[in-house]
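Let's take a walk through a protein model together, one stop after another. Keep the sequence and the 3D view open while you read.

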Amino acid sequence: MGYDIADYKQIDHRYGTLEDVDELIRELGKRGMKLMMDLVVNHTSNEHPWFLESRSNKDRAANPKRDWYIWRKPHPETGGPPNNWAQILGDGNSAWTYDEASGEYYLSIFTPEQPDLNWENPDVRAAVWDVMHFWMKRGAAGFRMDVINLISKVPGLPDAEVVLSEGHKYQPAFKYFVNGPKLHDYLAEMNSEVLSKYDTITVGEMPGVSDEREILRTVGAEAGELRMIFIFDLVDIDKGHVRMALGPWDLRDMKTIVSKWQRVMIDNDGWNSVFIENHDNPRSVSRYADDSDRWRHHGARLLALMQTTLGGTLFVYQGEEIGMRNAPLDWDVSEFKDVETINYWRKCEEIYKGDDEMLRHARAVIDAKARDHSRTPMQWSAADNAGFCDAGVRPWMRVIDDFRDVNVEAQQKEDAKTSASGAEQPLTVWKFWQRALADRKEHAAAFVYGGFEELHHEHPQVFAYTRTSSDGKDKWLVLLNFSGRQVEWYPPAGIEVKQWERGTYGAGRPAKATKHMVPLKPWEGVLGRLV
């Protein structure tokens, strides 16, 4: 799926050429925009020249690149993989891949096609710095760093604890390769050798880390490592030992996570990334709201209001701005293309053969959590293939069935029609995002950089908080009804709305709101300026 890099200094021919990137960077600059590159350096492709040379000869004296990757002899007792680590995307497969020619295993935490680089080797780090300089000198503004906190492994690569039993020979080993002992040494060296020499934006993908002290070591103002990271607590809210699981959660769990990281960064001079969608997670309106035809647009606007009023740098994923949803429940499993889903379903069929109840549960996990939900073609119009590619050309994956109604062009036309009529109507999801982002920019002192205080944490349906500028002159109340029924919210002492500015249902003021009570419709969010 594009995450096994065979050449760090070229563009896949299906996407264009280096000259196309140069033109893109120039044209973005004319529009006040910048380009971030995706840096994938925990592993390479098994087709990368580095790896081809590494596996060509196991004699380290004759082959300097042998130690650019992590090679080990078979286990002395079993003759199998060197330890019991499970592959992250293999759902039960070993994290080690056997190389017939050399009679050794190489570490491949994600898939056999993605061998892990050996960051202990200074030549590997120097090669990575060279790649980063290459793109920065071309005009890139910085990097999103793929699973960057996996680059340091615990010395000795010990066996992982057994936490999965039935049918699982290999075990999750995150403890031994997530935020390893030399991670901060490597990131500090990266900053010193590359990042400090440019005006950069950086965001590290760092799954599996929730300890605030560890995170602040990376994103604190004086850390000298990265600008921000993706903290996965919210998108992992229902995760168990593995990502493909469905644990229980409610709104109070969501509020705890959001409030924690807002306060941690404010109180410790750190910086947040704000996101609830990306290419590795299902659609947010399906996961955190209600994606039915009746409520989809309401839930999508609610999530937009929440994100645009939270402190940090906001990442909006393609399709989120029009409220795209997960694939339909009636799709056959064969429609899913992602290796994680394919391996998960294959393993479940192997373990639960004949157990219809467990297989139904496994299918429910796919319907809720499969990464392909966010990888379906972008829905631009009601034309064939949703305008993603020409009619008669088969897109890489099936288009979501609702594309005739849920697409960019339809929402643009609806907004134009509403604007021309002068009627007070709820904005489309697309237009609401535009308005909410404009509010965020106009009131950045409060929404981006301001203080945060949660209200009524125990309320089971409403997420309520205030955002306040440092001078106290710009103060706002955000109310979000995360339920499919009307609820009432009672302001605490000292909270008085001077003017309602924005609502997900249309007019800013909630219907029948008083000084002492605010009624909220299903999936309604409102934004009020406080006295």
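**A guided walk**

Glu-27 is partly exposed, with a relative accessible area of 26%. On this scale buried means under 20% relative accessible area, exposed means over 50%, and partly exposed is what lies in between, using a 1.4 Å probe and protein chains only. You'll find Glu-27 in helix H1, which covers residues 18-30. Helices (H or I, at least four residues) and strands (E, at least two) are DSSP runs, numbered from the N terminus.

A quick word on what you're looking at. This is a predicted model, in which local features need pLDDT of at least 70 and side-chain atom pairs count only at pLDDT 80 or more, while totals for chains, interfaces and linings use all residues. Residues are numbered from 1 along each chain as its sequence is written, and side-chain values use heavy atoms, with hydrogens and water left out.

Now for some helix pairs. Two packed helices are described by the angle between their axes and the distance between the axes. The axes are lines fitted to C-alpha atoms, for helices over the stretch in contact, and the angles run from 0 to 180 degrees between N-to-C directions. Angles under 35 degrees count as roughly parallel, over 145 as roughly antiparallel, 65 to 115 as roughly perpendicular, and the rest as oblique.

Start with helix H5 (residues 212-219) and helix H6 (residues 251-268), which pack at an angle of about 55° with their axes 11 Å apart. H5 and H6 are therefore oblique to each other. Which residues make the contact? On the H5 side they are Glu-212, Ile-215, Leu-216 and Val-219, and on the H6 side Lys-260, Trp-261, Val-264, Met-265 and Asn-268. Contact here means heavy atoms within 4.5 Å. Sorted by class, the residues where H5 meets H6 come out as six nonpolar, one polar and two charged. For these classes, Ala, Val, Leu, Ile, Met, Phe, Trp, Tyr, Cys and Pro count as nonpolar, Asp, Glu, Lys and Arg as charged, and the others, Gly among them, as polar.

Next come helix H9 (residues 339-351) and helix H10 (residues 356-369), with an angle of about 170° and axes 10 Å apart. H9 and H10 are therefore roughly antiparallel to each other. Thr-341, Tyr-344, Trp-345, Cys-348 and Glu-349 of H9 meet Leu-359, Ala-362, Arg-363, Val-365 and Ile-366 of H10. That contact between H9 and H10 has seven nonpolar, one polar and two charged residues.

How do H11 and H12 sit against each other? Helix H11 (residues 408-421) and helix H12 (residues 429-442) pack at an angle of about 70°, and their axes are 8 Å apart. That makes H11 roughly perpendicular to H12. Here Gln-411, Gln-412 and Asp-415 in H11 meet Val-429, Trp-430 and Lys-431 in H12. The contact of H11 with H12 splits into two nonpolar, two polar and two charged residues.

Let's zoom in on single residues. His-184 has its place in helix H4 (residues 183-193). Is His-184 buried or exposed? His-184 is buried, with a relative accessible area of 7%. Its side chain and that of Glu-225 are joined by a polar contact of 3.0 Å. A polar contact is a pair of N or O atoms within 3.5 Å; within protein, one must be able to donate a hydrogen and the other to accept it, and residues adjacent in sequence count only if both atoms are side-chain atoms. Not counting residues up to four places away in sequence, His-184 touches Asn-179, Glu-214, Arg-217, Thr-218 and Glu-225.

The phi of Asn-179 is near 50°, a positive value in a residue other than glycine.

Last, look at Gln-307 in helix H8 (residues 296-308). Gln-307 is buried, with a relative accessible area of 1%. Its side chain makes a polar contact of 2.8 Å with the side chain of Glu-320. Leaving out residues up to four places away in sequence, Gln-307 touches several others, including Phe-275, Leu-314, Trp-433 and Arg-440.
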